[in-house]
Amino acid sequence: MDQRRTAASGFHSDGIPPFEETPSPARLEGFSDGVFAIIITLLVLDIRVPREATLHGEPLGAALLKQWPVYVAYVLSFLQVGVVWANHHTMFHHIRRSDHVLLVCNLLLLLCVAVLPFTTALLAEYARAGEAELRLAALIYSAALAGAGIFFSAIWQHALRAGLVDARADPHRLHALGWHWELVPLFYGVAFGLAYVAPYLSVGMYMLLLFYYALPGPSVVRWMRVRRARRVRQAAKT
């Protein structure tokens, strides 16, 4: 009888609470933040100071202007990592538990994002090269971001299916965020296709995505949440 009471109360017979088999995602978040910080730091290392010995009478300003592809690629990739980090932070605001699949999906996301210093340097180096070289560099850059989009969406979809999301979270907001993040692989897939057709159009697509996920995106999520909540209330009245 005593054993049944202790089991029902959630404690073992010796009074020790049961082991929690679904750990907190705190370590996963901390590890991810550290990786994002390192990636952003590595991006700036490709910006080099023109050495005086290599100027050969050329003005310093002209030498600095010659490096414009490096600056553009750096800003683009810095903002890409920043937007991924910001949305990752928003996502884990709702995720309260983790499991092995979540850890694997998050590691694969970091795998794709961590290669950005290399793909950024590649894109900057061949920005003024021949069409074939530029297209290949843009495809490699786009492939890494497309992979990151796929695994980012996979993290959220698994968290919803496995019940890892906070049960107290607003279901309408969860629905809106699901649509918001499900479109990430689609958008990045379009940018990947554009990299094959016209590399500079692909870069333009990434700039539009940066703007959307940094500014209008959160507003769209709020609009979708309010709209869905209103529909649910109307359906309940009928």
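Val190 has its place in helix α8, which covers residues 171–197. Welcome to a briefing on a predicted model, in which local features need pLDDT of at least 70, side-chain atom pairs count only at pLDDT 80 or more, and totals for chains, interfaces and linings use all residues. Residues are numbered from 1 along each chain as its sequence is written, and side-chain values use heavy atoms, with hydrogens and water left out.

**The overall picture**

- The protein has 10 helices and 0 strands; here helices (H or I, at least four residues) and strands (E, at least two) are DSSP runs, numbered from the N terminus.
- Of the 238 residues of the protein, 37% count as buried; buried means under 20% relative accessible area, exposed means over 50%, and partly exposed lies in between (1.4 Å probe, protein chains only).
- Take the contacts between residues at least 6 apart in sequence: 77% of them join residues at least 24 apart. Contact means heavy atoms within 4.5 Å.

**Helix α7 on its own**

- Helix α7 spans residues 131–161, which makes 31 residues.
- From its first C-alpha to its last, α7 reaches 44 Å, close to the 45 Å expected at 1.5 Å a residue. The expected span is 1.5 Å times one less than the number of residues in the helix.
- After α7 comes Gly163, whose phi is positive, near 70°.

**How helices pack together**

- Two packed helices are described by the angle between their axes and the distance between the axes. Axes are lines fitted to C-alpha atoms, for helices over the stretch in contact, and angles run from 0 to 180 degrees between N-to-C directions.
- Angles under 35 degrees count as roughly parallel, over 145 as roughly antiparallel, 65 to 115 as roughly perpendicular and the rest as oblique.
- A crossing is left-handed if the near helix is turned anticlockwise from the far one by less than a right angle, and right-handed if clockwise.
- For residue classes, Ala, Val, Leu, Ile, Met, Phe, Trp, Tyr, Cys and Pro count as nonpolar, Asp, Glu, Lys and Arg as charged, and the others, Gly among them, as polar.

**α4 with α6**

- Helix α4 (residues 68–94) and helix α6 (residues 116–125) have axes that come within 8 Å and cross at roughly 150°. That makes α4 roughly antiparallel to α6.
- The crossing of α4 and α6 is right-handed.
- On the α4 side, Pro69, Val70, Ala73, Tyr74, Ser77 and Val81 meet Leu116, Thr120 and Ala124 in α6. By class, this contact of α4 with α6 has 7 nonpolar, 2 polar and no charged residues.

**α5 with α7**

- The axes of helix α5 (residues 100–114) and α7 come within 8 Å, crossing at roughly 160°. The two helices, α5 and α7, are therefore roughly antiparallel to each other.
- The crossing of α5 and α7 is left-handed.
- Residues of α5 including Leu102, Cys105 and Leu109 take part in the contact, and the α7 residues that take part include Ala148, Phe152 and Ile155. The residues of the contact of α5 with α7 divide into 14 nonpolar, 3 polar and no charged.

**α7 with α9**

- Helices α7 and α9 pack at an angle of about 30°, and their axes are 9 Å apart. That makes α7 roughly parallel to α9.
- The crossing of α7 and α9 is left-handed.
- In α7, Leu134, Arg135, Ala138, Tyr141, Ser142 and Leu145 meet Pro199, Tyr200, Ser202 and Tyr206 in α9. The contact of α7 with α9 divides into 7 nonpolar, 2 polar and 1 charged.

**Residues to find in the structure**

- Asn87 lies in helix α4 and is buried, with a relative accessible area of 11%. Leaving aside neighbours within four places in sequence, Asn87 is in contact with Phe152, His180, Trp181 and Tyr213.
- Val190 is partly exposed, with a relative accessible area of 39%. The C-alpha atoms of Val190 and Ser202, 12 residues apart along the chain, are separated by 8.2 Å.
- Ala214 sits in helix α9 (residues 199–214) and counts as partly exposed at 44% relative accessibility. Ala214 and Ala86 are 128 residues apart along the chain, with 8.5 Å between their C-alpha atoms.
- Leu42 lies in helix α2 (residues 26–43) and is partly exposed, with a relative accessible area of 41%. Leu42 and Phe78 are 36 residues apart in sequence and 10.0 Å apart in space, C-alpha to C-alpha.
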